[in-house]
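This briefing goes through one structure by topic. The sequence and the model come first, followed by the notes.

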Amino acid sequence: MTGPRRAFLLDAARLTAAATAGLGFTASASAGTSAAGPAYPFSLGVASGSPLPDAVILWTRILHDPLNAASTPALALTVRWEVAEDDAFRKLVRKGSAVAAPALAHSVHVDATGLRPDRDYWYRFMLGDAVSPVGRTRTAPAPDAMPSMLRLAVASCQHWEFGHYAAHRHIAQAAPDLVAFLGDYIYEWGPYQLRHPPRAVRVDESFTLAQYRARYAQYKSDPDLQAAHRAAPWIVTWDDHEVANDYAGDVDERLAADFATRRAAAYQAFYEHMPLRLPVPKAGFGELRMHQRYDWGRLARFHVLDDRQHRSPLACPKPGRGGSNVVLARACEALRDPQRSMLGGAQEAWLAQGLSSSKARWNILAQQTLMAQSSGVPVQSPEDGRFWTDGWDGYPAARRRLLDTVAKSGARNPLVLSGDVHTFYAAELRRDFNRPVSKANPVIAAEFCGTSITSSSRAQARTQENVDRNPHILYGRSDRRGYMLLELTPQAVQARFMALDEVREPGTKQSMLAAFAVEDGSPAVLHRQKG
Ligand code: FE
Ligand code: CA
């Protein structure tokens with residue numbers, strides 16, 4: 001795919017569509033009156049997330065012009081909010097007000113508590129006379145309930161310049177109970193440009209808080225993305241591009257001395273734009289607790305992981321660089337270092353505790369990148385293989401430790417969900433991928449990896465070669481963009497790989513490429529429909 005599909009500057013039609021998505025559009029004279037006249041303050045829509053049985057986070061950000069941070073005055077604004085049992089707001093159940101402060105980009109995070117479990121709610125915000133679009137959200141079931149089904153959409157990787165957010169329109173139409181977003185919500189750079197032909201370089205890279213905020217505002221101006229947020233609560237984690245390509249802990253690919261400052265700016269912008277239940281860190285955004293746990297009654301426990309902030313530096317980078325590399329295992333000693341970690345010690349211990357204490361039928365590891373080993377050459381011996389170092393293949397000892405933890409915990413039906421690699425995969429995870437499945441080397445968990453909402457990938461022929469070389473990977477499709485729709489019941493998980501016809505067409509249709517199932521009591525991936 002070449003060239004940007006959409007300009008950085010939004011065209012008038014899209015802006016109008018975003019603005020009129022709001023119900024009861026009225027200008028507010030008290031905020032954002034400019035030479036061009038008063039503007040709608042909810043240009044980025046609304047969102048909800050982090051659902052508990054009695055509470056959900058409601059989000060908005062006051063911004064009158066998505067492309068101009070100065071369009072909203074640098075004053076604290078009081079925003080009112082309402083939660084109702086119906087979309088006409090006849091049965092109001094909660095209301096209140098919150099301050100949208102310039103220090104947090106006028107973002108609003110309301111923890112709407114006192115709600116009843118396992119219910120749809122509708123919410124909206126008001127500023128002056130302006131009323132936000134209405135969002136639908138849902139509380140988690142009561143802790144001891146066994147719901148008959150959870151419908152979950154899984155998405156990741158939405159580089160603006162690679163296509164339209166049609167996948168989000170389809171997610172909104174599917175009206176799932178919950179959306180899990182697994183990272184690369186923004187990309188830190190804009191379009192590629194042929195500045196030094198034939199080499200394409202990244203332009204408009206974000207380094208400062210103002211730049212990251214501008215990028216979120218650009219992405220969130222999209223009406224289809226806003227619709228997916230209005231359709232269901234989201235649980236979110238991040239990957240690298242919310243900050244910088246291939247970063248690991250406090251090291252980026254440039255080995256920049258001031259990377260900690262950049263990372264803190266990016267973490268703050270992420271917090272400001274996501275429906276996260278997190279206290280504003282008193283010491284600033286140098287660190288941000290991202291791993292989280294959500295229970296959907298006794299049906300599912302989501303262990304939401306952060307495999308970026310706490311990971312060890314990448315193994316065997318190119319000389320003088322950080323960032324990823326593709327290496328032969330036998331030539332990279334660091335791959336065998338048991339000290340290296342993907343999650344960090346504290347998160348590993350937290351995960352072990354969350355797994356061993358889980359009463360859930362399904363234990364979902366919602367995390368960033370492909371966990372199944374994916375060697376670029378046939379693996380003849382345990383020391384063998386050629387690996388991309390940014391994924392779990394760059395942390396094989398940590399992966400083995402995690403799979404051991406999962407197996408030892410006794411947690412029922414572990415299931416790994418992944419993003420990052422812009423490819424649909426279905427795989428079976430085992431402790432040692434280089435040895436056949438046996439009593440001593442059983443399949444421990446199934447893995448489903450979603451493709452990207454827009455971000456480009458490699459040719460399908462190369463992906464098929466990888467599937468053929470790695471027998472634990474049962475399916476791979478890199479030539480289609482889209483998302484996954486999962487139906488979890490007490491008996492089984494059904495995963496449908498939903499693919500767009502053409503990501504460059506805003507009105508593109510979708511179709512199901514393939515469907516897989518995992519049944520209670522066995523991690524084997526069952527192929528239900530061949531794509
Ligand atoms: Fe990505
Ligand atoms: Ca990534």
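## Aromatic pairs and structural notes

Phenylalanine 42 is buried, with a relative accessible area of 0%; buried means under 20% relative accessible area, exposed over 50% and partly exposed in between, with a 1.4 Å probe and protein chains only. The model is predicted: local features need pLDDT of at least 70, side-chain atom pairs count only at pLDDT 80 or more, and totals for chains, interfaces and linings use all residues. Residues are numbered from 1 along each chain as its sequence is written, chains are lettered from A and ligands numbered from 1 in the order in which they are written, and side-chain values use heavy atoms, with hydrogens and water left out.

**Aromatic rings**

- The structure holds 21 aromatic pairs; rings of Phe, Tyr and Trp (its six-membered ring) pair if their centres lie within 6.5 Å, with planes under 30 degrees apart counted as stacked, over 60 as edge-to-face and the rest as tilted.
- One of them is edge-to-face, because the rings of tyrosine 40 and phenylalanine 42 have centres 5.8 Å apart and planes at 65°.
- Tyrosine 40 is buried, at a relative accessible area of 3%.
- Tryptophan 238 and tyrosine 267 form a stacked pair, 4.1 Å centre to centre with 25° between the planes.
- That pair links distant parts of the chain, 29 residues apart: tryptophan 238 is in the loop between β13 and α5, and tyrosine 267 is in helix α5. Helices (H or I, at least four residues) and strands (E, at least two) are DSSP runs, numbered from the N terminus.
- Tryptophan 238 has a relative accessible area of 0%, and tyrosine 267 has 0%.
- Ring pairs join Phe424, Phe448, Tyr475, Phe497 and Phe516 into a cluster.

**Charges over rings**

- Arginine 124 lies over the face of phenylalanine 89, 3.8 Å from the ring centre; the criterion is NZ of Lys or CZ of Arg within 6 Å of the ring centre and within 35 degrees of the ring normal.
- Arginine 340 has its charged end over the ring of tyrosine 395, at 4.4 Å from its centre.

**Positive phi**

- Phenylalanine 89, in the loop between β3 (77-84) and β4 (92-100), has a phi near 60° and is buried at 8% relative accessible area.
- Serine 50, in the loop between β1 (46-49) and β2 (56-61), has a phi near 50° and is buried at 1%.
- Most residues other than glycine have a negative phi.

**Calcium site**

- Asp184 (OD), Asp239 (OD), Asp240 (OD) and Asp420 (OD) coordinate the calcium ion (ligand 2) at 2.2 to 2.7 Å. Donors are N, O and S atoms within 2.8 Å of the metal (3.2 Å for Na, K and Ca); water is not among the atoms, so sites may look incomplete.
- Aspartate 240 is in the loop between β13 (234-236) and α5 (259-273) and aspartate 420 in the loop between β19 and β20, so the pair ties together parts 180 residues apart in sequence.
- Both aspartate 240 and aspartate 420 are buried.
- Aspartate 184 bridges the calcium ion (ligand 2) and the iron ion (ligand 1), which lie 3.8 Å apart.

**Sheet**

- Seven strands form an open, mixed sheet in the order β14-β15-β17-β19-β21-β20-β22; two strands pair if DSSP finds at least two bridges between them.
- β14 (292-296) and β22 (473-477) are at the edges with a single partner strand each, so one side of each has no neighbour in the sheet.
- β20 (residues 424-430) and β22 pair in the antiparallel sense over four bridges, and alanine 427 stands opposite isoleucine 473 in β22.
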